[in-house]
Amino acid sequence: MSAYSEQTSTSKTAQSANVEAADPSQDDINAAPRSLHAVASLAYGKIFATAGQYHPVIFVCAIVYADDGSSFDVQTKRLYGHLEGITTLTSHGHLIASGSKDNTVRVWDTNNLTCLCTLQLHSAPISFIRWVSQSVVITADESGSILMWDLRNYDQPTRFEVHRHSITAIEVISPTFFISGDSTGTVVFWGDKRCQRNTHGACIDAITHLTGAAGTTDGIIVVTAADQRLRLWSSTGELLKDVRISFNFKRDQRWSISHLAAGADCSIYVGLDQFACDTEMEDAMVVRLVYDVKQGFTQEHGFAAKDASTHDSIGRVTCMHVPSMSTSLQPSSSHCLLFGCEKKYVFVLEMQSLQLTSVAEGPLDGVITDIANLVNNGYVAVTARGEVLVKIGEVIRDVRLPTRDVTVVSG
C-alpha cells in the first residue's frame, strides 16, 4: 500500500453511524474545509496534519522535494473516520491523535494512514489531548473528564474525575505526574496516588514547566489565567509566587497572557491577547521573561511590529509555537519562535533576541489559527478561512486541500 493512498477508517463506529447525526453546521465532507484551527508536525517536519472544527476529515500533507532539491511540492491525502468536526490534533513520532465533537479520540498511523484505535468513553466533545509516551495518551473533554489510555490495551483507561468544566490546559511533567486546568480556574496536580486541587480566579489559559531554576529539583510549574497573573507552583502543589506581570504599556490596556511556553535558561515566552488594541500602540506583543529565584521574572526581550501598509498595530497574538528545547527537527536546524497575529501576518523570531529572522508573510485572507515548524527551518500556518501556507527557505506554497466524492453507508 502506498504511504499516501486515500484511506477510510473501517471502525465499527464509523460504519454503523448515520451521517444525519453529524453537526449540521459542518462543512460538506466532500469539500475542502472553510476553516482550519489545528496543525501538527511529524516525521522531523517532513509531514504535517491539519483539521478544522466544522469538518470531520484530517488532511495529511507530505513535503516532497524535487530531484535537485531546489524546490518542493506538497502531497495531500485525507483521513476519514470522525463523524463531526475535529476539535484538537496532536502528534507523537509518526502517530496522530485527533479529538472530535463526536466525543471520540482516534489514533492514526501516518506510515500507512490507518486508524489504529478509537477511544470512545468520553461523554462530551474532546477539548484537549496530550501525549505521555508513544503508547500512553491523556484525553480530556468539555465536561471535565480526563482519561489516561494505554494504547496497547485501551479497554480500561484510568479516570481522573475532579473537574466539572471544560479542560483548557494539560502539562505532562513525567509518566506519573501531570497538571490540568479548566475554564473556571481550577488547577489539579495529579501525582502517583495523590491529587491536589488549587484555584485561580479565571479560565486557565496555559500551563508550562520551567526547569533549571536554582534551588529546585523538579522545576517550577507556571500557570497563567485570564486574570493577568502568573502563578508559580512547586511540584508538590505549593504556591511559590503569585505575580501580576507589568509590561510597561504606554497606555492602560486590557490584556491577558494567551500563549505561554518554556524556553532554555529559565526563560518563558509569552504571547499577549490584547482586548483594546490602539492603532498607535507600539508595545511588544511577544516577550521573553527570565526567572530568578530572588527577583522573580524580568523582561529580557520583546517584539513589536506594525502593519507595513497601514502602520497600525499588528494586534493580538492568535497562535504561537515554541519548539521543544530537548529535540530539534534536524541537527542543522536552528530553533525559531513562530507566531501569528490578529492582522494576519506570520512572524519568525530568533529564540534569544526575538529579532526577525526573515520577512513577515502576509496579510493572509483569514486569521492565523495555528502554526508549526517544518524541515529546514520552514513552517506551516493555517487560517480560519481554510488557507494552508507552507514556507521553506525562500519557497512559499499556498496548499489547496483536496476534495473527494464520498459514499457514506448508513447503518
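This is a predicted model: local features need pLDDT of at least 70, side-chain atom pairs count only at pLDDT 80 or more; totals for chains, interfaces and linings use all residues.
Residues are numbered from 1 along each chain as its sequence is written, and side-chain values use heavy atoms, with hydrogens and water left out.

**A three-stranded sheet**

- Strands here are DSSP runs (E, at least two residues), numbered from the N terminus.
- Three of them make an open sheet, ordered β26-β27-β28, with antiparallel pairing; two strands pair if DSSP finds at least two bridges between them.
- β26 (317-321) and β28 (346-350) are the edge strands, each with a single partner, so one side of each has no neighbour in the sheet.
- On average, neighbouring strands of this sheet are turned by 20° against each other, direction ignored (axes are lines fitted to C-alpha atoms, and angles run from 0 to 180 degrees between N-to-C directions).
- β27 (residues 336-341) pairs with β28 in the antiparallel sense through five bridges, and Leu337 has Leu349 in β28 as its bridge partner.

**Rings and a charge**

- The whole structure holds 10 aromatic pairs; rings of Phe, Tyr and Trp (its six-membered ring) pair if their centres lie within 6.5 Å, and planes under 30 degrees apart count as stacked, over 60 as edge-to-face and the rest as tilted.
- Take Phe160 and Phe178: their ring centres are 5.1 Å apart with planes at 85°, so this pair is edge-to-face.
- That pair links distant parts of the chain, with Phe160 in strand β13 (residues 158-160) and Phe178 in strand β15 (residues 177-182), 18 residues apart.
- Phe160 is buried at a relative accessible area of 14%, and Phe178 is buried at 3%; buried means under 20% relative accessible area, exposed over 50% and partly exposed in between (1.4 Å probe, protein chains only).
- Tyr345 and Phe347 have ring centres 6.3 Å apart and planes at 40°, so they count as tilted; Tyr345 and Phe347 are both buried.
- Those two rings also belong to a cluster, joined through ring pairs with Phe303 and Phe339.
- Arg397 sits over the face of Phe72, at 5.2 Å from the ring centre (the rule is NZ of Lys or CZ of Arg within 6 Å of the ring centre and within 35 degrees of the ring normal).

- In β31 (residues 388-392), five of the five residues are buried, so the strand is largely enclosed by the rest of the structure.
- Both its faces are covered, with Val388, Val390 and Ile392 buried on one side and Leu389 and Lys391 on the other.
- β30 (residues 378-383) pairs with β31 in the antiparallel sense over four bridges, one of which joins Ala381 to Leu389.
- β30 and β31 make a hairpin with four residues between them, and Gly386 in that turn has a positive phi of about 80°.
- β31 also pairs with β32 (residues 395-399), antiparallel over five bridges; here Val390 is bridged to Arg397.
- This second hairpin has two residues between β31 and β32, and Gly393 in its turn has a positive phi of about 65°.

**Thr76**

- Thr76 lies in strand β5 (residues 72-80) and counts as buried at 14% relative accessibility.
- Leaving out residues up to four places away in sequence, Thr76 touches Phe59, Val60, Cys61, Val399, Leu401 and Pro402 (contact means heavy atoms within 4.5 Å).
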